[in-house]
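The sequence and structure come first, and the description follows.

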Amino acid sequence: MSEESTDSFDVLCGLIRNGGVVAGVGGSNADEIFDFLCRTVEMPEGVDGNSLKAELSEREKILSTAVGHGFAIPHPRKPIIKNESDQRIIVCYPKNPIEMSSPDGTHVFVMFIMLTKETKVHLNALTDLAKLVHCVEFRQFMETRPNVESLVEKISNLHLSGAI
């Protein structure tokens, strides 16, 4: 995933494929969502679910990862992934939107939980997700709570069409 010639949106789509989509997650706040995910989602080798939950919760206490329009991009403060091939973004749809101190006051209905090893991959994924969040077509699409394949296809199409 670190090849210079690899398009960053291709990398983003690979990260989402690796992480998958988890829908209908119960919880009334970010900590409850993180707890559920860290207990039920298969973690990469060497990643302890309890440690990941603590990292995500601690990061959220420092500064909300909500970015507006109902989106949040939670991530640990430091890399916890050991192998490049284990990097991923887990797309999570809470059962009900949750309050996360979003800059626009909108409750979060989708989280892109980033677990990366490399700073470059992390920053490129953040940049690409920010572009997507600013795309009205993408935001409307996300309200349908797409599965992983539909999501990756939409991101690829938006990128190829020049919409993002």
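## Cavity, helix pair and pocket

Searching the whole structure finds 1 cavity of 30 Å³ or more, where a cavity is, on a 1 Å grid over the protein atoms alone, a set of points where a 1.4 Å probe fits but cannot get out. The model is predicted, with local features needing pLDDT of at least 70 and side-chain atom pairs counting only at pLDDT 80 or more, while totals for chains, interfaces and linings use all residues. Residues are numbered from 1 along each chain as its sequence is written, and side-chain values use heavy atoms, with hydrogens and water left out.

The largest cavity has a volume of about 40 Å³, a volume being the space filled by probe spheres set on the grid points, which are joined across faces, edges and corners. Its lining (residues with an atom within 4 Å of a point) consists of Phe 34, Leu 37, Cys 38, Met 43, Leu 52, Leu 56, Ile 90 and Ile 113. Two or more of these residues come from each of α2 (30-40) and α3 (49-62), and α2 gives the most, with 3 residues; helices are DSSP runs of H or I with at least four residues, strands are runs of E with at least two, and both are numbered from the N terminus.

The helices α2 and α3 pack at an angle of about 160°, with their axes 9 Å apart; axes are lines fitted to C-alpha atoms, for helices over the stretch in contact, and angles run from 0 to 180 degrees between N-to-C directions. The pair α2 and α3 is therefore roughly antiparallel, the class for angles over 145 degrees. In their contact (heavy atoms within 4.5 Å), Ala 30, Asp 31, Phe 34, Asp 35 and Cys 38 of α2 meet Gly 49, Leu 52, Lys 53, Leu 56, Ser 57 and Glu 60 of α3.

A pocket is an open set of points with protein on both sides within 12 Å along at least five of seven lines, and the largest pocket has a volume of about 160 Å³. Among the 13 residues that line the largest pocket, Pro 76, Lys 78, Pro 79, Thr 116 and His 122 are the closest to its centre. Both β5 (110-115) and α4 (119-133) supply at least two lining residues, and the largest share, 3 residues, comes from α4.

Technical notes:
Parallel < 35°, antiparallel > 145°, perpendicular 65-115°, else oblique.
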